[in-house]
Amino acid sequence: MPRIVIDPVTRIEGHLRIDVDVEGGEVRDAWSSGQMWRGIELILQDRDPRDAWLFTQRICGVCTTVHAIASVRAVENALDLTIPLNAQLIRNLLLASHSLHDHVVHFYHLSALDWVDVVSALDADPAEASRIAESLSPWPRNGRREMERVKDRLASLISSGQLGIFANGYWGHPAMHLSPEVNLMAVSHYLQALEYQQKANQAVAILGGKTPNIQNLAVGGVANAISLDDAAALDMAKLYHVRDLLDEVGTFVREVFLPDVAAIGGMYPEWLGYGAGVTNYLAVPDMPLDAGATEFDLPGGTIFGGDLSTFEPIRDFKDKRFEESVTEGVSRAWYEGSESKHPWEGETVPDYTGFDEDGKYTWVKAPRFAGHAMQVGPLAQVLVGYASGHEGTRRWLGEALRMVENVAGVPIPLEALHSTLGRHLARAVRCAVLSELAVRHWELLVENIGSGDTDVWVEPVFPSGEQRGFGLHEAPRGTLSHWVVIRDGRIANYQAVVPSTWNAGPKDEHGVAGPYEASLIGNPVADPEQPLEVLRTIHSFDPCLACAIHTFDGTGQERAMVRAV
Amino acid sequence: MTSASSCAGLVSVLGIGNALMSDDGLGPHFVARFQDRFDLPEGLEVEDVGTPGPELIYRVSGRRAVIVIDAVRGFGRPGRIHRFTRQHILSGATGTPTSPHDPFLRAAILTSEFAGSAPDRIILLGAEVHRVRPGTQLSSVMQSAVPVLEELLRAELADLGVSVTQRARPPIGDRARRSRGPFHPERTIRPAATRSTPRGVHPPPDGGRAERSCDHPPPLLGMRP
């Protein structure tokens, strides 16, 4: 039985190794081994809790905003602090803008090459490519000239002999099914997506002062000075700039991103049957509508066994069930001991013992919710939204499934979402929902400022003794929680349970596999030397294992290894 | 939609690295110090970009020149500084595809070339690491490389026709200008108690950076030759 080792998995964030055993052309067993950021508790020991977010946001260079937000919320939770409404709304705009940026990048610049054969686009008829694109969407940049220009660019790149960014792709792989015209359309959108991801990031930068590593947060609110007439502050000019960017990005999401994913879904319908894995889902509420965070525009909750009738909400940032249910286990991870611990009691004592598939084989701990492995991310967010009756989620999910059906020519049931393509589709649906909520929250912010409220911050006061808090945030990759223990105004313990830990985690002490591992079981593998199908499933999770280091490496290590043994 | 790019002619210095991992944080530490010490002219941006992913693409696109500051490993004695050209960066000689960092710097260059908006010049100035493990400070070996790197950077900028002037000593009490490193951990910006125009709330020292950088993304399918 061939064992395939992919180390590292490319076109993701961070370092991940995947091992699979293949028999009869499909995956029988899988191990997910990751390098996860750890040590934040070392860095934060004894520091002022008001500064924690400045450090935690450096855990990951791609999702700095999410760790900043979760951190300030953890401290605010410990102090039971209510922050001003403007601060909630500005943070919500950061969530929406950042997610729109991140998801667009993930689909076009990290995942699309799993499904799109760029070299095949050279055989495309640009007029036909344009006709197909225009039949799928009213987007105005799908004209024949645009397609010709992209095709010419591709042709000169390929004739130069160097595929550049498209080198090392799976061109001509038997699992590539798109026509040359659809491939050309996808490449043209890939280039346009570069512009729109930048626009979304500009919105983050305007509100955050800069990105990455925003500067506008504070325990107690935000540091944006709001003054409608002062150009040095957050004034109407900046707010309208943000609005323009959100409008442009929203149009791209609804008219390009969602139709593209649906079209690809329709042309690879078999991939709605692979990659389910763990069908317990977790999402936390976000985008609070009031200062006290009692109402939210994004619902949270849990679903078990893929059965939407098991949905139970997670109500707010103080939810007791969430607080009490989270543990992290180290039985299969390179840490001392083998128990599961609640994050407030969490420790990180590394103990590297080598890759042992029957023992310890990863740096990633195994988070569990009331003992269950949970899948987090856009699929969880969309299913929780659907189950809770969230209007925007139901509407956009319905629209997306209709688009897939138009292309596939067969009805697509909701159950099809428990799959590799389901995750991609859910991500696009999530973006469509967020594109509308972003504008809604922008309007709420402007309205609130217009009513005369320019409060952005309340002063946190740290009593003596001990306080414990947890901060929740639905990041692009799923549920993020930061857990802090404060003693006499200083940090005594700090743990971050990040979404990719939930998804990339190993088997637990009962042998129950984590989501990546479980999702690979049953995946086809046509050619063990070119395991494109494994990458398709892993990429559908949008792995982010934290680029813990970014040193330019000349040590002559082997090239990215795909080894079939 | 987008006009002729306000990035055209812009020279970017990008500090890359994880400021939580001691010497890997060379880029952010270097940029914080450079921003404190020098006034930057129009047409020059100096940014701490942390540990970027594909968004590095648009940091590189449309610029006249890009100079990356980063920690390097495998090139010799700790603290020693090396200069890499575009060919070096893209070839196997300066790194393998296995580094989590490489794909994005290379992908950024190659994607911008595909889109027709690559910078005319891209240089990487790197200092060899001594110690990479959780920590917020550079090792003393790496710290001693910083002033040397600063002089090399100024020479690169001069070669591009860009000069920076050293700032006068900051006035006492001007908290925004005190040297603060990439975290400014000692003097976090703390908003004053709220009022309609909060006193004591300075826009972050980097405030307005969104305006100083490109307001409009370069047209990636532009008409550049």
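Does Asp80(A), at 53% relative accessibility, count as buried or exposed, and why? Asp80(A) counts as exposed because its relative accessibility is 53%, where exposed means over 50% relative accessible area, buried under 20% and partly exposed in between, with a 1.4 Å probe and protein chains only. The model is predicted, so that local features need pLDDT of at least 70 and side-chain atom pairs count only at pLDDT 80 or more, while totals for chains, interfaces and linings use all residues. Residues are numbered from 1 along each chain as its sequence is written, chains are lettered from A and ligands numbered from 1 in the order in which they are written, and side-chain values use heavy atoms, with hydrogens and water left out.

Asp80(A) lies in the loop between α3 and α4 (85-111) of chain A; helices (H or I, at least four residues) and strands (E, at least two) are DSSP runs, numbered from the N terminus. The phi of Asp80(A) is positive, near 55 degrees, in a residue other than glycine. Asp80(A) follows helix α3(A), which comprises residues 64-79. This helix of 16 residues reaches 23 Å from its first C-alpha to its last, close to the expected 22 Å, the expected span being 1.5 Å times one less than the number of residues. Helix α3(A) is mostly covered, with 16 of its 16 residues buried.

Ala293(A) is placed in the loop between β7 (286-288) and β8 (296-298) of chain A. Ala293(A) is buried because its relative accessible area is 8%.

Strand β14 of chain A, residues 466-475, contains His473(A). With a relative accessibility of 1%, His473(A) counts as buried. The side chain of His473(A) makes a polar contact of 2.9 Å with that of Asp286(A); a polar contact is a pair of N or O atoms within 3.5 Å, where within protein one must be able to donate a hydrogen and the other to accept it, and residues adjacent in sequence count only if both atoms are side-chain atoms. Beyond neighbours within four places in sequence, the residues in contact with His473(A) include Val66(A), Ile69(A), Ala70(A), Arg73(A) and Leu95(A), contact meaning heavy atoms within 4.5 Å.

Strand β13 of chain A covers residues 366-369. Ala366(A) and Arg368(A) point one way from β13(A), Pro367(A) and Phe369(A) point the other way, and all are buried. Strand β11(A), residues 326-329, pairs with β13(A) in the antiparallel sense over four bridges; strands pair if DSSP finds at least two bridges between them. Opposite Arg368(A) of β13(A) stands Thr327(A).

Cis peptide bonds were found in chain A. One joins Asp7(A) and Pro8(A), with omega about -5 degrees, and Pro8(A) lies in the loop between β1 (3-7) and β2 (16-23). Another joins Thr211(A) and Pro212(A), with omega about 5 degrees, and Pro212(A) is in the loop between α7 (180-208) and β4 (217-218).

In chain B, helix α5 (residues 140-159) has 20 residues and reaches 30 Å from first to last C-alpha, close to the 28 Å expected. Helix α5(B) bends by about 30 degrees at Pro147(B), the bend being the angle between axes fitted to the seven residues ending there and the seven starting there. Buried residues of α5(B) include Met142(B), Ala145(B), Val146(B) and Leu149(B). Just after α5(B), Gly161(B) has a positive phi of about 80 degrees.
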